[in-house]
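Dear colleague,

My notes on it follow directly after.

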Amino acid sequence: MCQATTTSRGDILSVPKPPKPPKSSKSSGPPEPSEPSGPPEPSTAPPRPRPRPRLARRLVQLYVGLALYGASSGLLVVSGLGLEPWNVLHQGLAELTGLSIGVVSIIIGAAVLLLWIPLRQRPGLGTVSNVFVVGLAMDATLALMPDAHALAARVPLLVAGIVLNGVATGLYIAAKFGPGPRDGLMTGLHQRTGRSIRLMRTLVEVAVVATGFAFGGTVGIGTVLYALAIGPLAQFFLRLFAAPAPSAGGVVAAGGQPEQAILHR
(Lines give C-alpha, C1' and ligand atoms only; values in the text may rest on other atoms or scores of the structure.)
Protein backbone atom coordinates (compact mmCIF):
# COMPACT_ATOMS: atom_id res chain seq x y z
CA MET A 1 0.00 0.00 0.00
CA CYS A 2 1.43 3.30 -1.09
CA GLN A 3 1.91 6.08 1.43
CA ALA A 4 2.06 9.81 0.70
CA THR A 5 5.49 11.35 1.08
CA THR A 6 5.77 13.76 3.98
CA THR A 7 8.12 16.59 4.75
CA SER A 8 9.83 17.31 7.98
CA ARG A 9 6.93 19.51 9.02
CA GLY A 10 4.48 16.71 8.36
CA ASP A 11 2.91 18.39 5.39
CA ILE A 12 1.54 16.12 2.78
CA LEU A 13 3.02 16.72 -0.64
CA SER A 14 0.46 16.78 -3.39
CA VAL A 15 1.14 14.76 -6.41
CA PRO A 16 1.68 17.15 -9.39
CA LYS A 17 -1.03 17.06 -12.05
CA PRO A 18 -0.01 16.16 -15.52
CA PRO A 19 0.28 19.17 -17.89
CA LYS A 20 -2.72 19.95 -20.11
CA PRO A 21 -2.27 19.28 -23.78
CA PRO A 22 -1.76 22.43 -25.89
CA LYS A 23 -4.83 23.85 -27.57
CA SER A 24 -5.23 23.16 -31.18
CA SER A 25 -4.48 26.11 -33.47
CA LYS A 26 -7.58 25.29 -35.43
CA SER A 27 -10.73 27.18 -34.40
CA SER A 28 -14.17 25.77 -34.66
CA GLY A 29 -15.64 29.16 -35.69
CA PRO A 30 -15.44 30.84 -39.10
CA PRO A 31 -12.03 32.16 -40.09
CA GLU A 32 -11.41 35.86 -39.54
CA PRO A 33 -11.07 37.92 -42.71
CA SER A 34 -7.53 38.79 -43.55
CA GLU A 35 -6.57 42.41 -44.10
CA PRO A 36 -5.62 43.37 -47.64
CA SER A 37 -1.94 43.41 -48.12
CA GLY A 38 -1.85 45.90 -51.01
CA PRO A 39 -3.35 49.38 -51.63
CA PRO A 40 -7.18 49.63 -52.03
CA GLU A 41 -8.51 49.18 -55.52
CA PRO A 42 -9.89 52.34 -57.17
CA SER A 43 -13.70 52.70 -57.25
CA THR A 44 -15.32 51.69 -60.51
CA ALA A 45 -18.41 53.93 -59.95
CA PRO A 46 -18.80 56.68 -62.59
CA PRO A 47 -17.98 60.23 -61.40
CA ARG A 48 -20.88 62.46 -60.47
CA PRO A 49 -21.71 65.13 -63.06
CA ARG A 50 -20.90 68.67 -62.08
CA PRO A 51 -23.91 70.97 -61.47
CA ARG A 52 -24.82 73.09 -64.46
CA PRO A 53 -24.94 76.87 -64.24
CA ARG A 54 -28.72 76.96 -63.76
CA LEU A 55 -28.85 80.44 -62.29
CA ALA A 56 -27.00 82.01 -65.24
CA ARG A 57 -29.34 80.36 -67.73
CA ARG A 58 -32.43 81.47 -65.83
CA LEU A 59 -31.21 85.07 -65.57
CA VAL A 60 -30.53 85.25 -69.30
CA GLN A 61 -33.92 83.68 -69.99
CA LEU A 62 -35.65 86.17 -67.70
CA TYR A 63 -34.21 89.34 -69.24
CA VAL A 64 -34.41 88.13 -72.84
CA GLY A 65 -38.05 87.26 -72.23
CA LEU A 66 -38.85 90.64 -70.68
CA ALA A 67 -37.09 92.53 -73.49
CA LEU A 68 -38.95 90.51 -76.13
CA TYR A 69 -42.22 91.15 -74.30
CA GLY A 70 -41.67 94.89 -74.58
CA ALA A 71 -40.66 94.54 -78.22
CA SER A 72 -43.78 92.50 -79.01
CA SER A 73 -45.97 95.17 -77.42
CA GLY A 74 -44.22 97.77 -79.55
CA LEU A 75 -45.03 95.77 -82.69
CA LEU A 76 -48.70 95.68 -81.72
CA VAL A 77 -48.69 99.44 -81.20
CA VAL A 78 -47.15 100.02 -84.66
CA SER A 79 -49.69 97.69 -86.30
CA GLY A 80 -52.54 99.89 -85.06
CA LEU A 81 -54.97 96.95 -85.16
CA GLY A 82 -55.51 96.53 -81.42
CA LEU A 83 -53.46 96.06 -78.29
CA GLU A 84 -53.39 93.60 -75.43
CA PRO A 85 -55.69 94.70 -72.56
CA TRP A 86 -53.20 96.44 -70.27
CA ASN A 87 -51.53 98.29 -73.14
CA VAL A 88 -54.93 99.65 -74.17
CA LEU A 89 -54.92 101.37 -70.79
CA HIS A 90 -51.27 102.40 -71.10
CA GLN A 91 -51.83 103.90 -74.54
CA GLY A 92 -54.95 105.74 -73.41
CA LEU A 93 -53.11 107.25 -70.43
CA ALA A 94 -50.17 108.14 -72.67
CA GLU A 95 -52.54 110.06 -74.96
CA LEU A 96 -54.02 111.80 -71.93
CA THR A 97 -50.76 112.74 -70.19
CA GLY A 98 -48.33 113.16 -73.07
CA LEU A 99 -45.93 110.60 -71.61
CA SER A 100 -44.58 107.73 -73.67
CA ILE A 101 -46.45 104.45 -73.48
CA GLY A 102 -43.37 102.77 -72.00
CA VAL A 103 -43.13 105.31 -69.18
CA VAL A 104 -46.84 104.93 -68.45
CA SER A 105 -46.34 101.15 -68.38
CA ILE A 106 -43.62 101.55 -65.75
CA ILE A 107 -45.78 103.85 -63.61
CA ILE A 108 -48.81 101.55 -63.79
CA GLY A 109 -46.64 98.51 -63.09
CA ALA A 110 -45.24 100.13 -59.96
CA ALA A 111 -48.72 101.12 -58.81
CA VAL A 112 -50.03 97.59 -59.34
CA LEU A 113 -47.05 96.25 -57.41
CA LEU A 114 -48.12 98.34 -54.41
CA LEU A 115 -51.45 96.51 -54.49
CA TRP A 116 -49.55 93.30 -53.72
CA ILE A 117 -49.07 94.49 -50.12
CA PRO A 118 -52.69 94.08 -48.97
CA LEU A 119 -52.99 90.95 -51.14
CA ARG A 120 -49.97 89.46 -49.33
CA GLN A 121 -48.13 88.58 -52.50
CA ARG A 122 -44.35 88.24 -52.46
CA PRO A 123 -42.46 89.80 -55.39
CA GLY A 124 -39.40 88.23 -56.91
CA LEU A 125 -36.57 89.47 -59.08
CA GLY A 126 -38.67 88.89 -62.18
CA THR A 127 -41.53 90.92 -60.74
CA VAL A 128 -39.45 94.04 -60.14
CA SER A 129 -37.53 93.63 -63.41
CA ASN A 130 -40.79 93.32 -65.32
CA VAL A 131 -41.86 96.81 -64.21
CA PHE A 132 -38.85 98.49 -65.80
CA VAL A 133 -37.53 96.27 -68.60
CA VAL A 134 -40.81 95.85 -70.48
CA GLY A 135 -41.54 99.58 -70.59
CA LEU A 136 -38.02 100.50 -71.68
CA ALA A 137 -37.97 97.81 -74.39
CA MET A 138 -41.36 99.00 -75.69
CA ASP A 139 -40.21 102.59 -76.03
CA ALA A 140 -36.96 101.45 -77.71
CA THR A 141 -38.90 99.37 -80.25
CA LEU A 142 -41.25 102.25 -81.06
CA ALA A 143 -38.26 104.56 -81.55
CA LEU A 144 -36.67 102.14 -84.03
CA MET A 145 -39.75 101.01 -85.96
CA PRO A 146 -41.07 103.15 -88.84
CA ASP A 147 -44.76 103.92 -89.07
CA ALA A 148 -46.83 101.33 -90.94
CA HIS A 149 -49.76 102.63 -92.97
CA ALA A 150 -50.51 99.87 -95.48
CA LEU A 151 -52.66 97.00 -94.27
CA ALA A 152 -50.25 94.57 -95.94
CA ALA A 153 -47.57 95.70 -93.48
CA ARG A 154 -49.77 96.08 -90.43
CA VAL A 155 -51.22 92.54 -90.46
CA PRO A 156 -47.79 90.82 -90.39
CA LEU A 157 -46.76 93.17 -87.57
CA LEU A 158 -49.86 92.15 -85.64
CA VAL A 159 -49.23 88.42 -86.12
CA ALA A 160 -45.53 88.78 -85.31
CA GLY A 161 -46.35 90.78 -82.17
CA ILE A 162 -48.80 88.17 -80.85
CA VAL A 163 -46.47 85.22 -81.54
CA LEU A 164 -43.47 87.04 -80.10
CA ASN A 165 -45.51 87.90 -77.02
CA GLY A 166 -46.20 84.19 -76.51
CA VAL A 167 -42.48 83.40 -76.86
CA ALA A 168 -41.59 86.14 -74.38
CA THR A 169 -44.23 85.00 -71.90
CA GLY A 170 -42.90 81.45 -71.98
CA LEU A 171 -39.33 82.65 -71.50
CA TYR A 172 -39.76 84.93 -68.51
CA ILE A 173 -42.40 82.88 -66.68
CA ALA A 174 -40.48 79.61 -67.14
CA ALA A 175 -37.37 81.25 -65.65
CA LYS A 176 -39.20 81.07 -62.29
CA PHE A 177 -38.16 84.43 -60.86
CA GLY A 178 -41.71 85.45 -60.06
CA PRO A 179 -44.71 86.63 -62.11
CA GLY A 180 -45.19 90.10 -63.47
CA PRO A 181 -47.02 92.63 -61.30
CA ARG A 182 -50.27 92.31 -63.27
CA ASP A 183 -50.19 88.50 -63.18
CA GLY A 184 -49.55 88.57 -59.44
CA LEU A 185 -52.55 90.85 -59.05
CA MET A 186 -54.74 88.13 -60.59
CA THR A 187 -53.37 85.35 -58.40
CA GLY A 188 -53.60 87.57 -55.31
CA LEU A 189 -57.26 88.35 -55.98
CA HIS A 190 -57.88 84.67 -56.58
CA GLN A 191 -56.34 83.71 -53.23
CA ARG A 192 -58.07 86.46 -51.25
CA THR A 193 -61.55 86.07 -52.75
CA GLY A 194 -61.63 82.35 -53.49
CA ARG A 195 -62.86 83.07 -57.01
CA SER A 196 -61.26 81.44 -60.03
CA ILE A 197 -58.28 83.03 -61.74
CA ARG A 198 -60.26 82.99 -64.99
CA LEU A 199 -62.99 85.12 -63.44
CA MET A 200 -60.57 87.51 -61.72
CA ARG A 201 -58.56 88.03 -64.88
CA THR A 202 -61.67 88.57 -67.00
CA LEU A 203 -63.12 91.16 -64.62
CA VAL A 204 -59.86 93.09 -64.26
CA GLU A 205 -59.02 93.08 -67.96
CA VAL A 206 -62.51 94.10 -69.05
CA ALA A 207 -62.27 97.07 -66.67
CA VAL A 208 -58.76 97.87 -67.95
CA VAL A 209 -59.79 97.73 -71.61
CA ALA A 210 -62.91 99.83 -71.04
CA THR A 211 -60.95 102.49 -69.17
CA GLY A 212 -58.16 102.55 -71.74
CA PHE A 213 -60.58 102.76 -74.65
CA ALA A 214 -62.35 105.69 -73.00
CA PHE A 215 -58.97 107.48 -72.81
CA GLY A 216 -58.17 106.81 -76.47
CA GLY A 217 -56.46 103.41 -76.41
CA THR A 218 -56.66 101.19 -79.51
CA VAL A 219 -59.13 98.30 -79.37
CA GLY A 220 -59.56 96.21 -82.50
CA ILE A 221 -59.23 92.81 -84.09
CA GLY A 222 -55.75 92.52 -82.59
CA THR A 223 -57.20 92.74 -79.09
CA VAL A 224 -59.54 89.83 -79.81
CA LEU A 225 -56.85 87.72 -81.53
CA TYR A 226 -54.47 88.32 -78.65
CA ALA A 227 -57.05 87.19 -76.09
CA LEU A 228 -57.72 83.99 -78.06
CA ALA A 229 -54.12 83.11 -78.94
CA ILE A 230 -52.00 84.07 -75.94
CA GLY A 231 -53.15 81.15 -73.75
CA PRO A 232 -52.20 78.33 -76.16
CA LEU A 233 -49.02 80.14 -77.26
CA ALA A 234 -47.86 80.76 -73.69
CA GLN A 235 -48.59 77.16 -72.70
CA PHE A 236 -46.54 75.82 -75.63
CA PHE A 237 -43.55 78.06 -74.98
CA LEU A 238 -43.67 77.53 -71.21
CA ARG A 239 -43.06 73.83 -71.83
CA LEU A 240 -40.43 74.54 -74.48
CA PHE A 241 -38.39 76.90 -72.30
CA ALA A 242 -38.93 75.14 -68.95
CA ALA A 243 -35.86 75.85 -66.80
CA PRO A 244 -34.44 73.56 -64.09
CA ALA A 245 -36.08 74.01 -60.70
CA PRO A 246 -34.27 76.63 -58.56
CA SER A 247 -32.13 75.29 -55.74
CA ALA A 248 -32.93 75.97 -52.09
CA GLY A 249 -30.31 78.69 -51.83
CA GLY A 250 -31.20 80.46 -55.06
CA VAL A 251 -32.80 83.80 -55.70
CA VAL A 252 -36.22 84.11 -54.08
CA ALA A 253 -39.08 83.92 -56.52
CA ALA A 254 -42.54 85.19 -55.89
CA GLY A 255 -45.27 83.01 -54.57
CA GLY A 256 -48.54 82.44 -56.32
CA GLN A 257 -49.40 80.69 -59.55
CA PRO A 258 -47.97 82.70 -62.46
CA GLU A 259 -48.60 79.96 -65.03
CA GLN A 260 -52.27 79.84 -64.14
CA ALA A 261 -52.51 83.62 -64.23
CA ILE A 262 -51.26 83.53 -67.82
CA LEU A 263 -53.05 80.46 -69.10
CA HIS A 264 -56.43 80.46 -67.38
CA ARG A 265 -58.53 82.87 -69.38
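In these notes, a residue is called buried under 20% relative accessible area, exposed over 50%, and partly exposed in between (1.4 Å probe, protein chains only). Val159 is partly exposed, with a relative accessible area of 46%. The model is a predicted one, in which local features need pLDDT of at least 70 and side-chain atom pairs count only at pLDDT 80 or more, while totals for chains, interfaces and linings use all residues. Residues are numbered from 1 along each chain as its sequence is written, and side-chain values use heavy atoms, with hydrogens and water left out.

Overall content

The secondary structure comprises 10 helices and 0 strands, where helices (H or I, at least four residues) and strands (E, at least two) are DSSP runs numbered from the N terminus. Of the 265 residues in the chain, 38% count as buried. The accessible surface amounts to about 16,100 Å², and carbon and sulfur atoms hold 65% of that area; accessible areas come from the Shrake-Rupley method with a 1.4 Å probe, and for residues only the protein chains shown count as cover. Among contacts (heavy atoms within 4.5 Å) with a separation of 6 or more, 83% join residues 24 or more positions apart.

Helix 5

Helix 5 covers residues 125-144 and has 20 residues. Its span from first to last C-alpha is 28 Å, close to the expected 28 Å at 1.5 Å a residue, the expected value being 1.5 Å times one less than the number of residues. A kink of about 30 degrees is centred on Val131; the bend at a residue is the angle between axes fitted to the seven residues ending there and the seven starting there. Val131 is also one of the buried residues of helix 5, which include Gly126, Asn130, Val134 and Met138. Their cover includes helix 1 (54-79), helix 2 (85-97), helix 3 (101-114), helix 4 (116-119), helix 6 and helix 7 (181-193).

Salt bridges

There are 2 salt bridges in the structure, each defined as a side-chain nitrogen of Lys or Arg within 4 Å of a carboxyl oxygen of Asp or Glu. Side chains of opposite charge can pair when their charged atoms come close. Asp183 and Arg201 form a salt bridge at 3.3 Å, N to O. This pair links distant parts of the chain, with Asp183 in helix 7 and Arg201 in helix 8 (residues 197-214), 18 residues apart. Arg201 also bridges to Glu205, with 2.8 Å between the closest N and O atoms. Because Arg201 and Glu205 are 4 residues apart in helix 8, about one helical turn separates them.

Surface patch and loops

Val159 lies in helix 6 (residues 151-174). Together with Leu151, Val155 and Val163, Val159 makes a nonpolar surface patch of about 310 Å². Patches are made of residues with over 30% relative accessible area and no salt bridge, like charges being joined within 9 Å and nonpolar side chains (Val, Leu, Ile, Met, Phe, Trp, Tyr) within 5 Å.

Most residues other than glycine have a negative phi. Arg120, in the loop between helix 4 and helix 5, has a positive phi near 60 degrees and is exposed at 67% relative accessible area. Lys176, in the loop between helix 6 and helix 7, has a positive phi of about 65 degrees and is partly exposed at 32%.

With kind regards
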